[in-house]
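The structure is shown first.

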Amino acid sequence: MSDAAAQGSRERHIVVLISGSGTNLQALIDAQNTPALPSARITLVLSNRKAAYGLTRAAQAVTPIPTAYLGLQPYLKANPGKTRDDYDCEVGRIVARQKPDLVVLAGWMHIMGDGFLEIVSGDQPYDGEERLAKPIPVINLHPALPGAFDGAHAIERAYEAFQKGEIKHSGVMVHRVVKEVDRGEPVLVREVEIVPGEPIEAFEERLHAVEWKIIVEAARKVLDEIAPATPVS
């Protein structure tokens, strides 16, 4: 029996999408069903890269977490005539079948198209005519402040901008996922100092430590808004 069930609370379910080593995923794994992320369990980890170590992290968790892999190019090769939009829809269907309370993009290096968002919002069916009864919120971790350094290589671009005197600090945010890349409403934002003269590795290490905290805090905040961990009567 899970901690949530033992305490008489409804367990909130999370699906996590990854592409790499899974350090942010690990923060969520360690926090699930603890005071930091109560009455919560990761029910699926989906990767678009077969060799992503995050899949191993999930499989080796104290309670192993189911995993799935769906890469864009293998999908297109196996499905002649299908497009990137079809792939995005298939990712949406995999997520929707889990019926999670929350989807977290934790280092998911693929820009989602409209098809994914339309399925997880319930606007489009995911199986035959079946649609989600309510939208699933989707949040994304991005290593920059709102409106700054959207897209890839944000850490390197922020560090370079600091060296040029263009910015005084950088930061991390978790935001809601919308069609525009990294432009969704921020859920949580934290500034991260860049120390003059420090190598980028030192800045990156400090920033990652903030990421591991904020991804858990943001997941709890969104879950508490839509599915409070209250006792079941």
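Predicted model: local features only at pLDDT ≥ 70, side-chain atom pairs only at ≥ 80, totals over all residues.

Tyrosine 69 is found in strand S3, which covers residues 67-69.

Once its neighbours within four places in sequence are left aside, tyrosine 69 is in contact with Leu46, Ser47, Asn48, Arg49, Lys50 and Pro74.

## Helix H5

Helix H5 comprises the 15 residues 84-98, which at 1.5 Å a residue should span 21 Å, and the 22 Å between its end C-alpha atoms agrees with that expectation. The buried residues of H5 are Tyr87, Asp88, Cys89, Glu90, Val91, Gly92, Ile94, Val95 and Ala96.

These buried residues of H5 pack against strand S1 (12-18), strand S2 (40-47) and strand S4 (102-105), and also against helix H4 (72-78) and helix H6 (114-120).

## Helix H2 against helix H8

Helix H2 (residues 23-31) packs with helix H8 (residues 200-226) at an angle of about 55 degrees, and their axes are 9 Å apart. Because of that angle, H2 is oblique to H8, and the crossing in which H2 passes H8 is right-handed.

On the H2 side the contact is made by Thr23, Asn24, Ala27, Leu28 and Ala31, and on the H8 side by Glu211, Trp212, Ile215, Val216 and Ala219. Sorted by class, the contact of H2 with H8 has seven nonpolar, two polar and one charged residues.

## Helix H7 against helix H8

Helix H8 also takes part in a crossing with helix H7 (residues 154-163), where the two axes come within 11 Å and cross at roughly 125 degrees. That angle makes H7 oblique to H8, and H7 passes H8 in a right-handed crossing.

Here the contact is made by Ile155, Glu156 and Tyr159 of H7, together with Ile200, Phe203, Glu204, Leu207 and His208 of H8. The residues of this contact of H7 with H8 divide into five nonpolar, one polar and two charged.

Technical notes:
Residues numbered from 1 in each chain as written. Heavy atoms only, no water. Axes fitted to C-alpha atoms, helices over the stretch in contact; angles between N-to-C directions. Helix = DSSP H or I, 4+ residues; strand = E, 2+ residues; numbered from the N terminus. Parallel < 35°, antiparallel > 145°, perpendicular 65-115°, else oblique. Left-handed = near helix turned anticlockwise from the far one by under 90°. Contact = heavy atoms within 4.5 Å. Nonpolar A, V, L, I, M, F, W, Y, C, P; charged D, E, K, R; others polar. Expected span 1.5 Å × (residues − 1). Buried < 20%, exposed > 50% of the residue type's maximum accessible area, 1.4 Å probe, protein only.
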